[in-house]
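Good morning, colleagues. I would like to take a few minutes to present one structure.

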There are 2 protein chains.
Amino acid sequence: MTERLTLHEDPRSGNCYKIKLTAAMLGLPLETRQYDIMLGETRTPEFLAHVNRNGRIPVLQIEDSGGQRFLPESNAACWYLATGSELIPSGRFEQADMLRWMFFEQYNHEPNIATLRFWLHFIGEAHLTPQQRDQIVAKRVAGCEALRLMDEHLARGEWMAAGRFTLADIALFAYTHIAEEGGFGLEDYPHICRWIDRVQALPGFVPMA
Amino acid sequence: MTERLTLHEDPRSGNCYKIKLTAAMLGLPLETRQYDIMLGETRTPEFLAHVNRNGRIPVLQIEDSGGQRFLPESNAACWYLATGSELIPSGRFEQADMLRWMFFEQYNHEPNIATLRFWLHFIGEAHLTPQQRDQIVAKRVAGCEALRLMDEHLARGEWMAAGRFTLADIALFAYTHIAEEGGFGLEDYPHICRWIDRVQALPGFVPMA
């Protein structure tokens with residue numbers, strides 16, 4: 001049996017898009033099963049028992065002769081798909097430096113830029129809890145700081161790591177190119193804007209649904 | 001010139017300890033340069049210009065005949081040190097699954113458990129901003145949820161990934177074993193307690209400063 005890959009996803013999620021973009025760049029077939037996170041479809045007893053006890057998408061399901069396995073965490077799923085490919089540099093420092101930007105994405109970028117997009121674009125400011133509303137300014141400042149760091153970094157090179165397009169670019173592209181849906185204007189970050197153009201011009205690129 | 005490794009650190013940081021524990025388990029010599037994050041020593045113009053524009057420790061400095069390079073992000077620095085060693089499984093799924101728990105650590109665990117430890121143990125509740133104080137309950141709930149997931153996972157196996165001690169254990173051990181400093185009682189998580197004992201019994205283990 002050849003490997004069969006299924007992505008458990010919500011198409012509005014940038015974390016899910018990372019995995020679809022990685023698969024597309026590598027020419028890997030990927031089936032999808034869709035959930036509506038707004039309706040709590042990833043918190044059902046069935047999802048928690050069989051797909052991800054953490055109640056989150058994306059999850060990459062991998063089926064082969066060894067059985068069925070589930071891999072949560074978007075950047076880990078991208079790593080699985082890209083193992084042995086050009087999307088992961090083989091040099092020791094370059095590989096670690098690529099991971100550095102992927103951890104930066106999950107720690108400094110996603111919790112600010114993706115969360116504000118979710119709150120403002122999908123939930124709507126009027127429906128936020130007081131605790132969420134109190135965090136908007138801090139997340140705005142931290143998100144701008146993450147974009148500033150990326151912009152300064154891209155002023156010194158075309159790609160985030162290893163001097164070429166890698167998983168670090170995919171991980172950061174996902175929520176950066178739609179940051180305006182979270183109220184982040186990209187016009188202040190000219191190097192990011194040109195990098196977005198470069199990513200979108202790559203052979204095999206697919207846009208977010 | 002052989003490689004010379006210097007860790008830019010604050011010894012109170014669990015993120016810095018991850019790198020020291022990785023180096024110790026591998027028998028790698030590691031020099032340290034210490035900063036006091038409470039005094040803003042990682043936000044000076046010199047630090048920002050030469051060590052990390054993100055103003056954060058840890059940063060692993062690597063010097064060899066090719067010059068001097070800086071690697072921020074604790075889990076990326078651990079990856080660099082452990083490349084080619086037993087601390088990173090070579091199987092495709094096992095490697096991605098190890099990274100899955102390292103991304104989980106940075107996204108679900110550290111921002112709750114490490115942040116509450118920093119706020120309550122080092123800054124002190126009386127000195128928090130109103131915005132920080134309003135987040136305590138949410139971070140308490142999310143931190144307990146991360147510990148519950150770890151405990152359930154460790155009920156089914158001795159280690160976090162690949163059936164043996166890997167970087168995933170190091171990454172999660174750092175702030176878990178001192179979670180009580182953030183007000184998290186570990187007595188509700190018996191599998192975590194036994195896993196902490198197993199880690200501390202490993203040859204080469206070094207305690208946090």
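How many residues does the contact take from chain A and from chain B? There are 28 residues from chain A and 28 residues from chain B, where two residues are in contact if their C-beta atoms, placed from the backbone, lie within 7 Å.

A word on conventions. This is a predicted model, in which local features need pLDDT of at least 70 and side-chain atom pairs count only at pLDDT 80 or more, while totals for chains, interfaces and linings use all residues. Residues are numbered from 1 along each chain as its sequence is written, and chains are lettered from A and ligands numbered from 1 in the order in which they are written.

On the side of chain A that touches chain B, β4 (67-72), α3 (74-82), α4 (92-123) and α5 (130-154) of chain A each supply at least two residues. Helices (H or I, at least four residues) and strands (E, at least two) are DSSP runs, numbered from the N terminus. The largest share, 11 residues, comes from α4(A).

I turn now to the sheet of chain A. Its 4 strands form an open, mixed sheet in the order β2-β1-β3-β4; two strands pair if DSSP finds at least two bridges between them. β2 (31-34) and β4 of chain A are the edge strands, each pairing on one side only. β4(A) pairs with β3 (residues 59-64) of chain A in the antiparallel sense, over 6 bridges. Within that strand, G67(A) is the bridge partner of D64(A).
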